[in-house]
Amino acid sequence: MPTTPDYIRIANDIVAAVKARELKPEDKLPSIVQMAADYKVGTSTIQMVYVRLEALRVIRRHQGKGIFVTDPETWMQEP
């Protein structure tokens with residue numbers, strides 16, 4: 001049985017936290033370095049997480065300010 005790649009598992013954790021209202025729109029996510037330390041993965045894995053979440057419109061990046069959760073109403077729905 002294949003295991004889910006770390007970047008998908010972590011992205012799913014973040015989506016689940018938003019759906020459970022543990023994270024709210026406009027909440028700031030940890031830096032890539034901090035998130036990598038929290039999940040015990042490399043920074044490149046977290047970069048892939050953030051690219052995936054940005055593509056789904058779950059997060060938005062503000063240069064110099066951070067990465068923020070968006071309103072679930074604006075998310076792209078996965079097929």
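Me: Is Glu54 buried, partly exposed or exposed?
Reply: The model under discussion is a predicted one. A residue is buried under 20% relative accessible area and exposed over 50%. Glu54 has a relative accessible area of 34%, so this residue counts as partly exposed.

Me: With which residue does Arg61 form a salt bridge?
Reply: Three salt bridges are present in the structure. Arg61 has a relative accessibility of 36% and is therefore partly exposed. In its salt bridge, the closest N and O atoms are 3.0 Å apart, and the partner of Arg61 is Glu54.

Me: How many residues apart are Arg60 and Glu26?
Reply: Arg60 forms a salt bridge with Glu26, and the closest N and O atoms are 2.2 Å apart. The pair links distant parts of the chain, since Arg60 lies in strand E2 and Glu26 in the loop between H1 and strand E1 (28–29); the separation is 34 residues.

Me: Are Arg60 and Glu26 buried, partly exposed or exposed?
Reply: The limits are under 20% for buried and over 50% for exposed. Arg60 has a relative accessible area of 25% and so falls between them. Glu26, at 48%, also counts as partly exposed. The class of Arg60 and Glu26 is thus partly exposed.

Me: In which helix do Asp6 and Arg9 lie?
Reply: Asp6 and Arg9 form a salt bridge, with the closest N and O atoms 3.1 Å apart. Asp6 is partly exposed at 34% relative accessibility, and Arg9 is partly exposed with a relative accessible area of 34%. The two are three residues apart, about one turn of the helix, and that helix is H1.

Me: What distance does H1 reach from its first C-alpha to its last?
Reply: H1 has 14 residues. At 1.5 Å a residue, a span of 20 Å is expected, and the model comes close to this, reaching 20 Å.

Me: Why do the buried residues of H1 lie on the same side of the helix, and what arc do they cover?
Reply: The buried residues of H1 are Ile10, Ala11, Ile14, Val15, Ala17 and Val18. They lie on the same side of H1 because around the axis they cover an arc of only 160°.

Me: Which elements are included in what covers the buried residues of H1?
Reply: The buried residues in question include Ile14 and Val15. What covers the buried residues of the helix includes H2, H3 and E3.

Me: Which residues does Leu53 contact beyond its neighbours within four places in sequence?
Reply: Leu53 is among the core residues that touch the most other members. Leaving aside those sequence neighbours, Leu53 is in contact with Ala11, Ile14, Val15, Val58 and Ile59.

Me: Which residue in E3 is the bridge partner of Ile59?
Reply: Strands E2 (residues 59–62) and E3 (residues 66–69) run antiparallel and are joined by four bridges. The bridge partner of Ile59 in E3 is Val69.

Technical notes: Residues numbered from 1 in each chain as written. Predicted model: local features only at pLDDT ≥ 70, side-chain atom pairs only at ≥ 80, totals over all residues. Heavy atoms only, no water. Pairing = 2+ DSSP bridges. Core = buried A, V, L, I, M, F, W, Y, C linked by side-chain atoms within 4.5 Å. Buried < 20%, exposed > 50% of the residue type's maximum accessible area, 1.4 Å probe, protein only. Contact = heavy atoms within 4.5 Å. Salt bridge = Lys/Arg side-chain N within 4 Å of Asp/Glu carboxyl O. Expected span 1.5 Å × (residues − 1). Arc of directions from axis to C-beta.
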